[in-house]
Amino acid sequence: MIWLTWRQFRGSATMMAAVLVVLAAALALTGPNLASDYAAGIAGCTPDNTCLDFFDRFFGEYDIPFLALTLVVLILPALVGLFWGAPLITRELEAGTHLLVWNQSITRGRWLAVKLGLTGLAAMAAAGVCGLAVTWWSDPLDKSAVPEMAQMAPVVFGARGIAPMGYAAFAFVLGVTVGMLVRRTLPAMALTLAVFAAIQLAMPLLVRPHLMPPVPGTFELGRENMDGLGAPGGGSLQIFLRTSAVPGHAGAWVLSSKLVDPSGRTISSGDGSSGPSSTIVRAVPVSTTSGPCSLQGLPAEGCTAEINRLGYRQQATYQPLERFWPFQWIETGIYALLTLGLAWFSFWWLRRRLS
Amino acid sequence: MTSVLEAQALGRKYGKRWALRECTIDIPVGHVVGLVGPNGAGKTTLLKLACGQLEPSAGGVTVLGGRPGDTPAQLAKVGFVAQDTPVYAGLTIAEHLRLGARLNPRWDEAMARERIAQLGLAPAQRAGKLSGGQRAQLALTLGLAKRPELLILDEPVASLDPLARREFLQGLTEAAVAHKLSVLLSSHLVSDLERICDYVIVLADSRVQMAGKVDQIMAGHHRLTGPRRDPDRLPADQHVISASHTERQSTYVVRTDTPIHDPAWTVTQLSLEDLVLAYMDKRTADNRRAALEVQR
C-alpha cells in the first residue's frame, strides 16, 4: 500500500520538492548577506541612537521579497489542500478505481490510513521546511519590520514558525474530507478553498486574540505610538495615534489603541480628517496659537511633552512579542486537533457511507 | 462449507427506492453463476453487497461463510472486477501487477505474467492507452492472480465487441476450470451467459425471479403449444410463467417437475434465453396487471 501511495503521489511530491529546493537555495544564498547587512546597520546606528531610521530604511529596501515570501508560506497549505487533499479520493471515485483498490486484500480503513498518513506527513514536511526556512531568512527583517508587519501581526504570524505545518495538515485533511462528501474533484477543490480561506480569516480575527488574555496598558505619547501632530486651524490640536504599536513593547500585536483624556475618558472625535495609514486622528483641546504647540513650535518635542503633561494617554491592549512561541504552539495544537477530528470523521464516513 | 453466497431477505435501498429487496438465495460452491436481468434490476447492487462495497439495508448476506469485505482475509477470498473494468490510467501494466502483488498475500505472480504475455500486452504500456478489451483483460488478470475462491464480475463484457467478448469469456472459463474457482458474473445479455454459466439467477424489478442450475431449469420448463385453453384448466403442478393466445391457439411457458403427457400439447424445449425473457416478461406483466387493478 505504501508503494501504491508513493506511486500515485510521486509526481506531485517531486514537483513540490523541486520548488522547495529552489526556494531553499535562493534563501540560503541571500540569507547570510541580509543578516550581515543587518548586523552592520545595527552596529552603525546604536551609538547615535538612530536605529529606528535604520529599521525603516532596511525594511523598506527588502519589503517586496519579505511580503512575497510571507505570501508563499501562507498560500502553500491552501495549495496542499486543493491539489493533494481534495483529489486524493475524488480522483479514485471519478475513475472508478476505488472499486479496484478496495477489492484487493486490504481493508479500506488501512488504505485510507496509509494515504492520509503518508501524504499528510509530506504536506506537513513541505510546509514545515518552507515555513522554517522563511522564518530563518526573515529574522533580520522581522526585527526591523514596521509594527503592522511584525512577527505577531496577523498576516506574518501565520507564515512563521511551526504554524504552517498545522495549517498544511489541516488543509490536507479538509480537502480529503470535502472530497469524500462532494465526490467530484473540481467542486471539492472550490469548496476546500472557500472553507479553508474562511477558517484562516476567522482564526486571527476571532480566535487568536483570545488565546491568552490580552495585556492592558496606558502609555505616554511619543514617537513610537504617535505618527505626528497636526493643527488644521480652529484651535484644536490633532494627534495621529498609531493603532498598531505601543511604546516599550516592540513587535507587540496591538489589539486596541485609543486616546484618553486626563480624566480617563476616551476621545473619539477627530475633526473628520484622516492621518497616515494605521493611525487614528484624535482632536484634543490644546492651543495651537500659543504655547509649546503653536504652529511655530510644531513638530517640536515640546508639544509632545506638553500633551503628556496635560495627561493625555494612549490606552491599549496588546499581545506582547514574548508570546510568539506560546501562540505558535497553541495555534498549531488547535489545528492538530481539528485535523485529528476531520481524519476521524473521514474514516467513519468511509466505513459507513462511502460506497 | 458448501455455499458460495447465502442471502437471507437481503435488501438495499438508496434513499426511498429499493434497489434490491427480499433477496433469498443460496448458491453452492463451484459454479459459474450468471446473474441476468434488465438494466436497473439490481444486479450491480447485489454484486456490490456480495463483495462488501455496499452495506445491506435489510437482511444479511454471507460470502464463503464470512461477512463480505470485513477483514483482509475475507477480501483475499473474493475477487471483484467492477463495471467498466476500471484500472489506473497512469500506471503501466507491470505496475498494476506490482500493485496486485503488494496488496494480496496469495498473489500468483507467475500466472499474472503468463496471462499478460499470452494476451500479447507489453508490460511497460500505460493502462490508459489500452483498448476496452485489453483493459478488461488486465482487470480480469488482477482478479484472477489474486487467487480468490470466488470471482465476481459486474458486466465485464458490456463494452466489448463480439470478438473481445468471446475471448474474455473464454479466458474466464478456462481460469475458472483451472483454479476450481466459483464465478459470479452479471450481464443484461443472456447470450453472454448461455455459453459459460451452469447456474443462473434472474433478477428483475429489484427481486430475484428465478435461481437454479441451468440443466435443472431447462429440464423443468417447457413451452406448450396447442388449441386455445384457459390457464385455469392447466394441471395444478404446472406453473405458468408466460402465456400468449391467438384466436385458436395458446402458447404457455410452464414450470413443472412432472412429465407432460397431455396429447393436445406440442411440447418444445426452450432455450435459456427464451426462458429468462419469459421470467423477465412475467414480472413486467404482473406489474402491469397490478397497476391496472389499482386504476380500477
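1. In what order do the strands of the open sheet in chain B run? In this predicted model, the order is β5-β6-β7-β3-β8-β9, six strands with mixed pairing. Look for β5 and β9 (207–213) at the edges, where each pairs on one side only. Going from one strand to the next, the twist averages 15°.

2. Now pick out one pair of strands. β6 (residues 150–153) and β7 (residues 182–187) of chain B run parallel and are joined over four bridges. As an example, B:Leu153 has B:Leu185 in β7(B) as its bridge partner.

3. Helices pack on this sheet too. Helix α5 (residues 132–145) of chain B touches β5 and β6, and its direction makes about 160° with that of β6(B). Helix α6 (residues 162–178) of chain B touches β3 (32–36), β6 and β7, and its direction makes about 160° with that of β7(B).

4. Next, turn to where the chains meet. Chain B brings 30 residues to the contact and chain A brings 21 residues. About 2,300 Å² is buried between them, with carbon and sulfur atoms giving 58%. B:Gln53, B:Tyr88 and B:Leu103 together supply 31% of the area that chain B buries against chain A, more than any other three residues.

5. A:Arg10 forms a salt bridge with B:Glu95, with the closest N and O atoms 4.0 Å apart. Ten residue pairs are in polar contact between the chains.

6. Finally, on the side of chain B that touches chain A, α3(B) gives the most, with seven residues. The residues of that side divide into 16 nonpolar, seven polar and seven charged.

Notes
Residues are numbered from 1 along each chain as its sequence is written. Chains are lettered from A and ligands numbered from 1 in the order in which they are written. This is a predicted model: local features need pLDDT of at least 70, side-chain atom pairs count only at pLDDT 80 or more; totals for chains, interfaces and linings use all residues. Side-chain values use heavy atoms; hydrogens and water are left out. Contact means heavy atoms within 4.5 Å. Buried area is the accessible area (1.4 Å probe) that two parts lose on being put together, summed over both. A salt bridge is a side-chain nitrogen of Lys or Arg within 4 Å of a carboxyl oxygen of Asp or Glu. A polar contact is a pair of N or O atoms within 3.5 Å; within protein, one must be able to donate a hydrogen and the other to accept it, and residues adjacent in sequence count only if both atoms are side-chain atoms. Helices (H or I, at least four residues) and strands (E, at least two) are DSSP runs, numbered from the N terminus. Ala, Val, Leu, Ile, Met, Phe, Trp, Tyr, Cys and Pro count as nonpolar, Asp, Glu, Lys and Arg as charged, and the others, Gly among them, as polar. Two strands pair if DSSP finds at least two bridges between them. Axes are lines fitted to C-alpha atoms, for helices over the stretch in contact, and angles run from 0 to 180 degrees between N-to-C directions.
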